Each structure stands twice: as structure tokens, then as C-alpha cells.
Amino acid sequence: MSDNSTATEKLPGLAALEALIAVETETVRFADDIAASVRSFLDGLRVVAAQATGGQAVSLLLLQISQIALTGARLGVHRDFAPRDEYQPDDGPDPDLDELRLQLAKLLGNLDTYSYVFDPYAPEIVEGLLSDDLTSIAADLAVGVRHHEAGDVEEALWWWQFSYVSSWGALAGSAMKALLSVVAHDRLDVDLDTTQELALVEAAAAVLDSAENA
């Protein structure tokens with residue numbers, strides 16, 4: 001019997017242990033990757049809200065929301081994560097995002113209010129505020145960041161995945177469509193018949209051109 005065979009017999013379950021370690025290592029890497037994307041979005045959103053001009057706001061917010069939507073899609077197609085405990089561990093006080101909400105509302109102006117279909121399979125037009133929705137997305141993502149910073153990788157991934165499917169994924173999709181609509185109306189030369197669409201174009205042009213008049 002070879003030395004390798006003897007070593008293997010002395011360590012039953014070694015292959016299973018190595019497979020478990022590989023899975024855990026990959027999970028940690030995935031969590032770190034998601035955490036980096038989430039932190040980039042949160043930092044970017046704060047910078048846009050505090051420093052961007054009206055002419056920059058729509059394009060920069062569209063970029064930020066598009067990137068975090070891709071991160072959410074990665075979570076959505078991944079295996080289901082499960083929390084260790086029945087109840088979510090205390091992750092500390094919720095961050096105060098009122099200032100962020102107010103900054104975004106001021107930055108977006110007349111473009112803040114928009115309409116969208118919440119569920120395309122049960123269509124009903126609802127009205128929302130981009131400032132509220134973007135802040136709500138940030139609040140959901142921040143919870144997972146706190147779990148990740150505490151070293152609770154599985155809890156962070158579970159929360160990000162669960163909240164993506166149940167809440168912020170839909171908000172990100174609606175916000176992205178609204179922001180893209182503003183860009184499209186500003187870029188494309190189309191004939192519009194309705195008063196609502198004409199008002200939207202005028203508001204978009206005012207916001208996107210404000211940088212030149214600042």
C-alpha cells in the first residue's frame with residue numbers, strides 16, 4: 001500500500017471537507033464582490049446627490065442604478081442563501097438617510113415624480129418619487145453592508161438576495177426605466193401628442209441644460 005493511500009485512510013471525509021472549504025471560500029469571494037458593488041453604489045449615490053449639477057444628475061443616476069441592477073441580477077440567479085438563525089441579528093441603528101432623500105429631490109426637481117407599472121403581470125399604474133425609491137434602495141443595501149462588516153457573510157448575502165427579490169430590485173428597474181425615458185426624450189427628436197409627454201420633455205430639457213446656465 002502506498003504512502004498516499006495510508007494518508008487518505010487516516011483522514012476519512014477529506015474530500016468532503018475540501019469541497020466544503022471550497023464552497024465556503026467561493027461564497028466569501030462572492031460576498032466580497034457584491035459588497036464592493038454595493039459600497040460603490042452607496043458612495044456614488046451620495047456624491048451625486050451632494051455634488052452633481054442638474055445637468056449631470058440624470059445621466060449619473062442612470063449609470064449608478066444600472067450598475068446596481070446588474071449586481072441584483074447576479075444575486076437573483078444565484079443559489080438561494082439561507083440565514084443561520086430564524087431571526088435576523090441586530091445590525092445596529094438604521095442610517096439617517098433623510099438628507100440624502102432631500103438632496104435627491106432638490107436635484108431632480110420636476111423629474112422626481114414618475115409613474116410606473118409595479119407588477120407587469122398584474123398591471124396597475126402607480127406613482128412614485130425617484131428620490132424616495134433611490135433612498136429606499138440605499139437603505140436596503142446598507143443593512144447587508146452592516147452584516148458583511150460584522151463578518152456575517154451568509155446573513156449579508158441572504159439579506160441582499162431577499163431584499164432584491166422582494167423590494168429593491170423592482171424599484172431599481174422602475175427608476176432605471178424612468179431615468180432612461182428622460183434621456184431618450186432629450187436625445188431623440190420625436191413628435192409627441194400628449195400634454196403629459198410634452199411636459200416631461202420640457203422638464204428633462206430644463207434639467208439637462210441647467211449645467212450650461214449655472
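## Basis and overall architecture

Helices (H or I, at least four residues) and strands (E, at least two) are DSSP runs, numbered from the N terminus. On this basis the chain has seven helices and two strands, and from the N terminus on its elements run α-α-α-α-β-β-α-α-α.

This is a predicted model, in which local features need pLDDT of at least 70 and side-chain atom pairs count only at pLDDT 80 or more, while totals for chains, interfaces and linings use all residues. Residues are numbered from 1 along each chain as its sequence is written, and side-chain values use heavy atoms, with hydrogens and water left out.

## Burial and contacts

Of the 214 residues of the chain, 38% count as buried; buried means under 20% relative accessible area, exposed over 50%, and partly exposed in between (1.4 Å probe, protein chains only). The chain exposes about 12,800 Å², of which carbon and sulfur atoms supply 55%. These areas come from the Shrake-Rupley method with a 1.4 Å probe.

Contact means heavy atoms within 4.5 Å. Among contacts in the chain between residues at least 6 apart in sequence, 72% join residues at least 24 apart.

## Nonpolar core

A nonpolar core is a set of buried Ala, Val, Leu, Ile, Met, Phe, Trp, Tyr and Cys residues joined through side-chain atoms within 4.5 Å. The largest such core has 49 residues, of which Ile65, Leu141, Leu157 and Trp160 touch the most other members. Two or more residues each are given to this core by α2 (14-51), α3 (54-77), α4 (98-108), β1 (113-117), α5 (130-149) and α6. The largest share, 15 residues, comes from α6.

Not counting residues up to four places away in sequence, Trp160 touches residues including Ala31, Val38, Leu75, Leu141, His148 and Trp168.

## Salt bridges

A salt bridge is a side-chain nitrogen of Lys or Arg within 4 Å of a carboxyl oxygen of Asp or Glu; a search of the whole structure finds five. One of them joins the side chains of Arg74 and Asp33 (2.8 Å, N to O). This pair links distant parts of the chain, with Arg74 in helix α3 and Asp33 in helix α2, 41 residues apart.

Glu154 forms a salt bridge with Arg79, their closest N and O atoms being 3.7 Å apart. Because Glu154 lies in helix α6 and Arg79 in the loop between α3 and α4, the pair ties together parts that are 75 residues apart in sequence. Glu154 is partly exposed at 26% relative accessibility, as is Arg79 at 39%.
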